[in-house]
Amino acid sequence: MSRRDDVVAQPAQRHEPPAPGWRIPELPTGEPYPEWTADRRTVLIVDDSLTVRMDLHEAFEADGFRSILCADGAEARAAFSGAHFDVAVLDVLLPDADGVELLRELRADPRRESTVTVLLSSEAEVADRLYGLRTGADEYVGKPYDAGYVVARARQLLGDDPFRADDRTTVLVIDDSLTFRERLRELLEPEGYAVLTANSGEEGLRTAADRRPQAVIVDGVMPGIDGATVIRRLRLDPALRDIPCLLMTASDDYATEVQMLEAGADAFVRKQQDLAVVLAKLAAVLRTSAAQLPIEVTGSLHGPGKVLTVTADRRRLGALGDALRDDGYDVVAAGTGDDALDLLAAQPVDCIVLSTDASGAEAREICRRIKEVPQIGDTPVIMTGDDDEALLDCLAAGADDYVRAADGVETLRAHVRGQIRRKQSLDESRRIREELMRRELDAAGERAARQLAETRAALVEELEWRNRELEAFSGSVSHDLRGPLQIISSFAETILDEDEEPLSAQVRHRVERIHAAAERMADLVESLLILARASRGELRRQRFDLTTTVWQVIGEVEAREPGRAIRFTVTEGMTADGDEGLVRVILENLINNACKFTRRVSHALIEIGWSGPGDNPRYHIRDNGAGFPSGQSIELFRPFARLHDAADFPGTGIGLTTVHRAVERHGGEIHAEGEDGHGATFWFTLPPVHRGPGRAT
């Protein structure tokens, strides 16, 4: 792709397009643009130079874009309001508008947030670039420019994957003969290959970087760089080095074949041979091509690159720019170190060329400052100058390379390519190591998760087995332990009721203690069985009338203690979502607990109610009894824990533990509030379970 030197703004004028879609049609204000602009990637090109518009149009159309062309700001604003486009290339100097102002208008439109914008201008000073970038441009390209760079950079900013346009195998044909390129296209396309073409080695490298073909067929002898050089450069590129390459030549020299294969070619074909040999060798190299790492490779050496040149000598700036621009780089010129650092803070570059000029010390200081910045310190810096003895001083200042000005621009270009290649190789190696490490960590995490799952499954199985054993033990306790206790209690009652042989006071006291201990042991066994049932078994949740259940429990309590006068207050309309049998156990224990601790109160009062949101209320049972020491509420729910003397308030010490287990099984929480001598309140929740359609609620 040739470099364009047209930087002179031309008067706004209308030209008939040489092909459909060349110029945007004139439409009445407000009338929408044709829908064809939205069916694939579209670029809006705004420039008052017909030469520039034609150049960019051809480059973008060759890459698969549709183009909308505008010669001035008025046409651009009309396109803003009605046309669909993914990329906008805006000239900064227009006869009726400022490109930066157009950019600001574009960025102010919410519909254009994702539009990629490229500013194109002959005003390429650092201050101009910074102004455009800070206004919102994604890229700023100075004139003279390289159309291939503009297109490739637009693709890069879009985040497109142009490497696989379809499912066909893509083959790039590089040959300076149009006739031979078309012969190969006619040969390959009927066999199912997608064919890309390039007429020079330089264009072929750029096309390979932009489109990433699966194979390359390259002519051995071409103007500019030859086929062997093309293959060598592909092999040096981290992103392209594994592409299979066929090299074709008209030479019959055996030494030529050896040289081409040593250059890195995968196969060698003579043009005098039947072209069917091309198909056979192409299929062979594709079949045996090196397996790729399962890691996407990014950043080709021959893709869009940006080089920053730093020197106070305007003449040398121009010479450096022209030399590097011939390699397809976008060249940014900075006159001072401050300008260079300001630009690097706003936009990274691929390489920095720093001229020592007359004052080598000043240039070395600029190099040190650049290398001290963490974000840009890895960017390769090549210093160049007239002093042959400056090499060691420049490298000590942090430069990556030094090129004598007397060695010529070709040497400088080779050093720039080498430093960029080195940087990309290091970055690629680092990225692959990081990716492999991340994958290894992911694999280790998966192994750990699998081992954890297996361990958990084994523990669950063991827990289920132990629960079954516990259930069997509970049944044994229920049958085997309560039976002997009942016998002990019955015989103790018989001895106490025996009238024929009166007992002495001491014997009667001992038998009464045996009877009381047996009764207490029976209560304790019953409490443990209730606790075990509260901790196991399947929950049968449903919504039920909690108020009704509370009154039923109160009725049972009053029946057991007919002589007590307790005032119960129960909120009407309470409901609960839970296992009704288990919730009844909660209520029985809490209400019995409240009754027990209000025995010494003259006017016992127990309140049962709820509060909070209707979908997850808090239930409470409040009494005005003995209470408990403040700050010790957590002790209440521990098995056999006591905060009062058993002689004053007898019990097994299991009831509140059972309540705690039952509430937890419902996914709820329970806590107590109280003060010694001033009553207690127990709060608990029974969060509802979200059920699927058709299930009971």
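Guide: The charged end of R618 sits over the ring of W683, 4.0 Å from its centre. That label needs NZ of Lys or CZ of Arg within 6 Å of the ring centre and within 35 degrees of the ring normal. This is a predicted model: local features need pLDDT of at least 70, side-chain atom pairs need 80 or more, and totals for chains, interfaces and linings use all residues. Numbering runs from 1 along each chain as its sequence is written, and side-chain values use heavy atoms, without hydrogens or water.

Visitor: How many aromatic pairs in the whole structure?
Guide: Four. Rings of Phe, Tyr and Trp (its six-membered ring) pair with centres within 6.5 Å; planes under 30 degrees apart are stacked, over 60 edge-to-face, the rest tilted. F60 and F65 are edge-to-face, because their centres are 5.1 Å apart and their planes at 85 degrees.

Visitor: What about W610 and Y619?
Guide: Stacked, because the centres are 6.1 Å apart and the planes at 20 degrees. Ring pairs link W610, Y619 and F684 into a cluster.

Visitor: Is Y619 buried or exposed?
Guide: Buried, at 3% relative accessible area. W610 is partly exposed, at 27%. Buried means under 20%, exposed over 50%, partly exposed in between (1.4 Å probe, protein chains only).

Visitor: New topic. Which residues have the most contacts inside the largest nonpolar core?
Guide: L44, L119, L308, I352, L354, I370 and M383, in a core of 46 residues. A second, separate core has 37 residues, including Y619 and L636. Such a core is a set of buried Ala, Val, Leu, Ile, Met, Phe, Trp, Tyr and Cys residues joined through side-chain atoms within 4.5 Å.
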